[in-house]
Amino acid sequence: RGLASHLLADRALPRGPAPDIATPRPRGPASTGPAPAGPAASPPISSQPQCSCRGPAPRSNPSPCRGAAPSGPAALRSHLTPPCSPAAPAEAPPHNPRPRRRRPLPRSPHTPSLEEMEGQERPAPPASPFADGHLVLWTLCSVLLPVLITLWCSVQRSRRQLHRRDIFRKSKHGWRDTDLFSQPTYCCVCAQHILQGAFCDCCGLRVDEGCLKKADKRFPCKEIMLKSDSKALDAMPHHWIRGNVPLCSYCVVCKQQCGNQPKLCDYRCVWCQKTVHDECMKNNLRNEKCDFGEFKNLIIPPSYLTSINHMRKDKKTDYEMLASKLGKQWTPLIILANSRSGTNMGEGLLGEFRILLNPVQVFDVTKTPPIKALQLCTLLPYDSARVLVCGGDGTVGWVLDALDEMKIKGQEKYIPQVAVLPLGTGNDLSNTLGWGTGYAGEIPVAQVLRNVMEADGIKLDRWKVQVTNKGYYNLRKPKEFTMNNYFSIGPDALMALNFHAHREKAPSLFSSRILNKAVYLFYGTKDCLVQECKDLNKKVELELDGERVELPNLEGIIVLNIGYWGGGCRLWEGMGDETYPLARHDDGLLEVVGVYGSFHCAQIQVKLANPFRIGQAHTVRLILKCSMMPMQVDGEPWAQGPCTVTITHKTHALMLYFSGEQTDDDVSSTSDQEDTKETE
């Protein structure tokens, strides 16, 4: 069809006689030579260019060789064929009526045909036997090299750790490694500036990792006990260590600042904490007697323990004579810290207390139980020791239980007075005793020791909580708890129970005091919607000093021994103009209040509502008739079935009260107490 349409287009064009097929058609421009002789003369040369394949082109069609657009194979062939070049002018051939046969157009040697293009394939690149091998090699190197480097680093790190642990185990120093020192530090052996290394939490020595063995041989640590009794109590020399003195320290000789040069310089005594310049260090000062500095009344001297050791060998127990040489103001302090309480600050505090005191006075209750640590009090004079408990209310209760065991053993004369450094979440007991709601390092440890020295002794009521399960065949012994703060049943116990359950599953997530309070808030909000403890008045009967009390529609009952509850809320006094007797922790009375739900507890804590005050009593009895209810004693919750709870007075504990950390509520309650005393 394409060829027929092309022929029809050719017939429509005017043309002369068809040229002879045998006559070759000239290509390119005509030659300038003479025309060949013949019977038919050539017409005059026209200025119009002619097509070499179809004769002269008319003026109306400047490209007669293109014609109508063909289709099919002819279209592709005409597209691949370049346009004809203009031929030299020639005379018109004679007319030939017969149809002429079309010669195939000449193909360019560089133009492939359609069949060749379809059948031709792209040639494959030459195969190289080493190309794939190089790719595999580089892939293996990029994957294995980081793995090998990581393994090598881990092996080297584990070797260094084993080497350090071996040195730490055999050394007399209390070494602890650190990745970054908190202040500019210089090695005490090589005097080079170091960013990481090890330090002794007893004497404060700081060295590089490679100098540990040299430091062990060259520098002695604090002596807990003297090797012999040749040194008297009043002949303790200074123990000087060069370099890394505390910031803002001053020389005892020239009264100028020490440690302000960027090098290992100046000296510090590990007992009295005095500092002196290198230039001011003289022979008489080097051999001068140490008086144990500011905290001499809290430190147990090594010579005292040496003398005690000799007296026990001779079966003598006259400790009063030794203590008389140390002065009447000598009140040695024992530190009991819980390294896992609250914000996990106990471990750092242990090291700071060991530097300021004798290391034998500092204990970690997670490693040494309080009952064993308190046996040190038996080596001290009667009623002279003091104990500082670093932890939450639970740790304080643990220590007070150990003191009760000492009373049972007949060691009542050695019972010490107890101060509190709050590291827990609630800290209601420490807040009641004036030690604040929480310690986060805002004051230095030295100031904490000064506060202990200034504190006054008071008594704290301790109560016995007895839980007896109901049942005809109940052969189990009643549960007994010791209460210092409060007992509760209802929504606050439910919040404590949920918090306690989740903290046991992931204790590392509950190391922040703010996060712990946020978890309490979450469970309190949940209980506002669910109300698991509603209709408590139908499930519980309450008796105060043997008299039954009618209860309104409550969800919780709280029995208080101290003034604070719920992390710093004075629950009994409340707010408003209503006058109520002030809650005290040494009057032998319990305050009983009720709450209407979790939302009511939140309103009380922000001072927008008052609790429902039920009354005060010496003995409280609570009967749970049916169902399971959450209960707690001093923050230790559990789920309890039908039972009878009886709360009675147990004993007193000797505590230390510090008046310097009073809040606004404490000041108002103290002024109210003074006013009531004046009116009486």
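Accessible area here comes from the Shrake-Rupley method with a 1.4 Å probe. With that in hand, let's start with the whole protein. This is a predicted model. The protein exposes about 39300 Å². Carbon and sulfur atoms supply 55% of that area.

How many residues are there, and what share of them counts as buried? The protein has 680 residues, and 41% of them count as buried. On secondary structure, the protein has 17 helices and 29 strands. Now contacts. Take those between residues at least 6 apart in sequence. Of these, 70% join residues at least 24 apart.

Next, the surface. Please find helix 4, residues 131-170. Leu 151 lies in this helix. Leu 151 is also part of a nonpolar patch on the surface. Is Leu 151 buried, partly exposed or exposed? Its relative accessibility is 48%, so Leu 151 counts as partly exposed. The cut-off for exposed is over 50%.

On to the strands. Strand 4 covers residues 175-178, and strand 7 covers residues 197-200. The two run antiparallel, joined by four bridges. Look at Asp 177: opposite it, in strand 7, stands Ala 198.

Strand 7 also pairs with strand 8, residues 206-207. That pairing is antiparallel too, over two bridges. Which residue of strand 8 is the bridge partner of Phe 199? It is Arg 206. Strands 7 and 8 form a hairpin, with five residues between them. Check Gly 204 in the turn: its phi is positive, about 85°.

Six strands make it up, in the order 25-24-21-18-27-28, and the pairing is antiparallel. Which strands stand at the edges? Strand 25, residues 612-617, is at one edge, and strand 28, residues 636-640, is at the other. Each has a single partner strand, so one side of each is left without a neighbour in the sheet. Ignoring direction, neighbouring strands of this sheet are turned by 15° against each other on average.

Strand 18 is residues 486-489, and strand 21 is residues 556-560. Four bridges join this antiparallel pair. For a landmark, take Tyr 486, which stands opposite Leu 560 in strand 21.

Methods. Residues numbered from 1 in each chain as written. Predicted model: local features only at pLDDT ≥ 70, side-chain atom pairs only at ≥ 80, totals over all residues. Heavy atoms only, no water. Pairing = 2+ DSSP bridges. Axes fitted to C-alpha atoms, helices over the stretch in contact; angles between N-to-C directions. Patch = residues over 30% accessible without salt bridge, like charges linked within 9 Å, V, L, I, M, F, W, Y side chains within 5 Å. Salt bridge = Lys/Arg side-chain N within 4 Å of Asp/Glu carboxyl O. Buried < 20%, exposed > 50% of the residue type's maximum accessible area, 1.4 Å probe, protein only. Contact = heavy atoms within 4.5 Å.
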